[in-house]
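Student: I am new to this structure. Could you guide me through it?

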Amino acid sequence: MKLYSTNLQAAEVSFEAALIEGQAPDKGLYLPRSLPLLSGDDLVSMKDKPYPEVAFRVLRKVLEGEVDEASLKGITYDAYNYDVPLEKVNENTYIMRLDRGPTASFKDFAARLMARLMQYYLKRENREITILTATSGDTGSAVAHAFYGLDNVRVVVLFPRNEVSDRQRKQMTTLQKNITAIAIDGKFDDCQAMVKQAFSDQQLRHLNLSSANSINIGRLIPQSLYYIYAYANLCNYPEELVFSIPSGNFGNMMGCVLAKTMGLPVKKIIASVNENDEVPSFLISGEYHKIVPSLNCLSNAMNVGHPSNLARLIAVYGGQMDEQGNVNKMPDMEKLRNDIYSSSVTDEETKTTMRDILDSYSILIEPHGAVGIKGLSDYRKKTGDKTIAVALETAHPAKFPAEVRSVTGIDPELPSSLKEIEAKKEHMDFLGADYEKFKGYLLSKLS
Ligand SMILES: *Cc1c(COP(=O)(O)O)cnc(C)c1O
């Protein structure tokens with residue numbers, strides 16, 4: 001596999017290099033030059049197979065020649081040791097619950113596979129790295145848990161002090177060992193900017209920094225797998241399927257774009273966002289304006305005013321966007337609009353949807369999942385399309401207890417993985433949104 005940078009100013013690299021480096025030296029994001037095609041037979045043969053088996057069969061094609069098959073099988077079965085329920089809502093609607101991993105969010109899917117792939121290469125070469133990651137909530141805890149206790153990797157996670165829930169924070173601050181959590185006095189976008197600057201800072205090169213947030217290609221590829229799993233279980237090839245994806249940094253949605261590129265019969269990808277509506281506006285107008293600062297919404301893991309993965313989406317559709325959000329070459333807007341529908345959902349609509357789904361179907365969802373459901377119903381209203389659709393539930397309702405309680409009156413039962421952290425002591429450092437201070441911190445702490 002060869003990967004190129006979305007900024008087009010860096011050399012092509014191998015999968016291993018892209019995985020360990022994270023970001024390209026020209027500040028772009030890596031994308032595979034090409035991906036293998038899944039045949040109809042491949043898809044049919046995956047029906048009723050366990051999730052790790054589907055993951056293995058797809059990855060064996062995608063990572064052919066990169067990881068030996070026996071190791072890859074071990075990695076997928078070890079990473080995916082939990083359920084992936086497809087819950088029927090009505091005749092043509094399903095909810096795929098991606099919340100059964102150790103941190104009860106869909107980010108476990110990406111983080112657990114990426115961590116094991118990194119381990120595979122680092123061990124083989126006897127190297128050590130530091131993972132530096134910014135999180136708006138769930139990425140950090142999923143990444144921290146995925147790497148927790150591993151020998152060749154240290155993790156430093158930055159989060160916006162006032163924008164993550166107590167539970168999200170505790171999942172990062174109660175681990176210790178090789179995990180360091182830093183609370184930043186700022187927004188998620190500030191955390192992300194500091195991390196990005198550190199990666200391109202020559203004076204920090206000796207720290208062997210690597211990213212594990214949604215910009216790492218090692219996170220993106222695993223996020224294509226559950227779309228294939230859902231398809232294999234719900235559709236008869238070549239029947240088409242619609243997905244609605246609650247989106248913030250658009251890593252999850254890019255996973256679906258990759259699956260479609262591999263030949264998965266996806267009729268429409270619905271990118272459902274909260275009131276941070278820079279992407280649906282871009283699809284309509286063709287003009288991109290990031291939202292600075294991002295708006296605080298109920299679905300707080302999606303409070304992103306300039307999604308990092310947008311550069312990848314634009315690249316796949318033949319355009320070029322730099323890391324600042326300047327579109328230097330327009331993508332094929334017609335094709336983009338044909339494949340992707342994007343809807344912005346207000347907090348009021350999010351709440352109404354949570355109540356409606358509970359009242360009509362006795363199904364409890366949290367705010368991010370509700371944005372996905374509402375985006376789907378917006379799409380159906382607009383187009384009349386009745387194609388079978390899967391809306392993703394990206395976190396367990398118990399991760400957002402206050403929101404779920406105030407909207408539905410229900411106290412969601414905690415999964416056991418979340419119960420355990422309640423009693424543990426928190427450890428974290430505090431920093432302002434100031435790059436030079438952060439750099440000094442890294443130099444003194446890691447050197
Ligand atoms: C991160 C996150 C999202 C957004 O995913 P992106 O890949 O950033 O678009 C949605 N829901 C939850 C619960 C999340 O943690």
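The conversation below turns to the ligand and then to the backbone.

Tutor: Please note that this is a predicted model, in which local features need pLDDT of at least 70, side-chain atom pairs count only at pLDDT 80 or more, and totals for chains, interfaces and linings use all residues. Residues are numbered from 1 along each chain as its sequence is written, and side-chain values use heavy atoms, with hydrogens and water left out.

Student: Which residues come nearest to the ligand?

Tutor: They are Lys-107, Gly-248, Asn-249, Phe-250 and Thr-394, out of 15 residues around the ligand.

Student: What lies 2.7 Å from a nitrogen atom of the ligand?

Tutor: That is a polar side-chain atom of Thr-394. A backbone N or O atom of Gly-248 is 2.7 Å from a ligand oxygen atom.

Student: How much of the ligand does the protein bury?

Tutor: The protein buries 98% of the 380 Å² that the ligand exposes when taken alone; these areas come from the Shrake-Rupley method with a 1.4 Å probe.

Student: What is phi for Leu-8?

Tutor: Phi of Leu-8 is positive, about 65°, although this residue is not a glycine.

Student: Is Leu-8 buried or exposed?

Tutor: Leu-8 is exposed, at a relative accessible area of 53%; buried means under 20%, exposed over 50%, and partly exposed in between, using a 1.4 Å probe and protein chains only.

How values were computed:
A residue is near a molecule or strand if one of its heavy atoms lies within 4 Å of it. A polar contact is a pair of N or O atoms within 3.5 Å; within protein, one must be able to donate a hydrogen and the other to accept it, and residues adjacent in sequence count only if both atoms are side-chain atoms.
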